[in-house]
Amino acid sequence: MIFYMLFKKNINKNITVELKNGLVISGKLLSCDVFLNIKLSDVAIEDLENFKGLSGVATLSIRGSCVKYIKLEKDENSIASLLDTTRNRFIVNEMREEAEKEGDPQTA
């Protein structure tokens with residue numbers, strides 16, 4: 001959910017997506033779901049010669065399981081928010097593990 005929330009904050013911003021097959025796609029993020037399936041508009045394909053079937057595509061849906069990585073525009077607020085969220089998630093998980101070891105059913 002952490003990355004889903006991050007991507008939801010970046011709707012209508014330009015991103016670059018590299019797929020597991022090596023295809024690199026840039027475009028404006030239109031939507032994202034909890035499975036990290038994404039929809040892009042104003043699509044630009046790098047290395048179009050190897051992927052000629054995508055030459056006329058303006059809008060593209062990408063299955064989340066096919067994504068190798070996603071590059072977002074640099075935003076200090078998003079970075080700080082992501083760091084805080086992951087830090088808090090780590091603390092909550094540690095507290096839950098300690099409660100399970102002690103056998104405290106209220107905090108587990």
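K68 is exposed, with a relative accessibility of 56%, where exposed denotes over 50% relative accessible area, buried under 20% and partly exposed the range in between (1.4 Å probe, protein chains only). The model is predicted, so that local features require pLDDT of at least 70 and side-chain atom pairs count only at pLDDT 80 or more, whereas totals for chains, interfaces and linings use all residues. Residues are numbered from 1 along each chain as its sequence is written, and side-chain values use heavy atoms, with hydrogens and water left out.

The structure contains one salt bridge, defined as a side-chain nitrogen of Lys or Arg within 4 Å of a carboxyl oxygen of Asp or Glu. K68 is paired with E18, and their closest N and O atoms are 3.7 Å apart. Because K68 belongs to strand β5 (residues 67–72) and E18 to strand β1 (residues 14–19), the pair ties together parts 50 residues apart in sequence. E18 is buried, at a relative accessible area of 15%.

The unreviewed UniProt entry lists residues 5–72 as "domain: Sm"; such annotations may be inferred rather than shown by experiment. Over residues 5–72, the chain is 7% helix and 49% strand, with the end C-alpha atoms 13 Å apart. Helices (H or I, at least four residues) and strands (E, at least two) are DSSP runs.

A surface patch of negative charge comprises E94, E97, E98, E100 and E102; patch residues have over 30% relative accessible area and no salt bridge, like charges being joined within 9 Å. E97 is located in helix α2 (residues 76–102) and is partly exposed, with a relative accessible area of 47%.

Notes: Patches are made of residues with over 30% relative accessible area and no salt bridge: like charges are joined within 9 Å, nonpolar side chains (Val, Leu, Ile, Met, Phe, Trp, Tyr) within 5 Å. Accessible areas come from the Shrake-Rupley method with a 1.4 Å probe; for residues, only the protein chains shown count as cover. Lys and Arg count as positive and Asp and Glu as negative; His and the chain ends are not counted. The place of a charge is taken as NZ of Lys, CZ of Arg, CG of Asp or CD of Glu.
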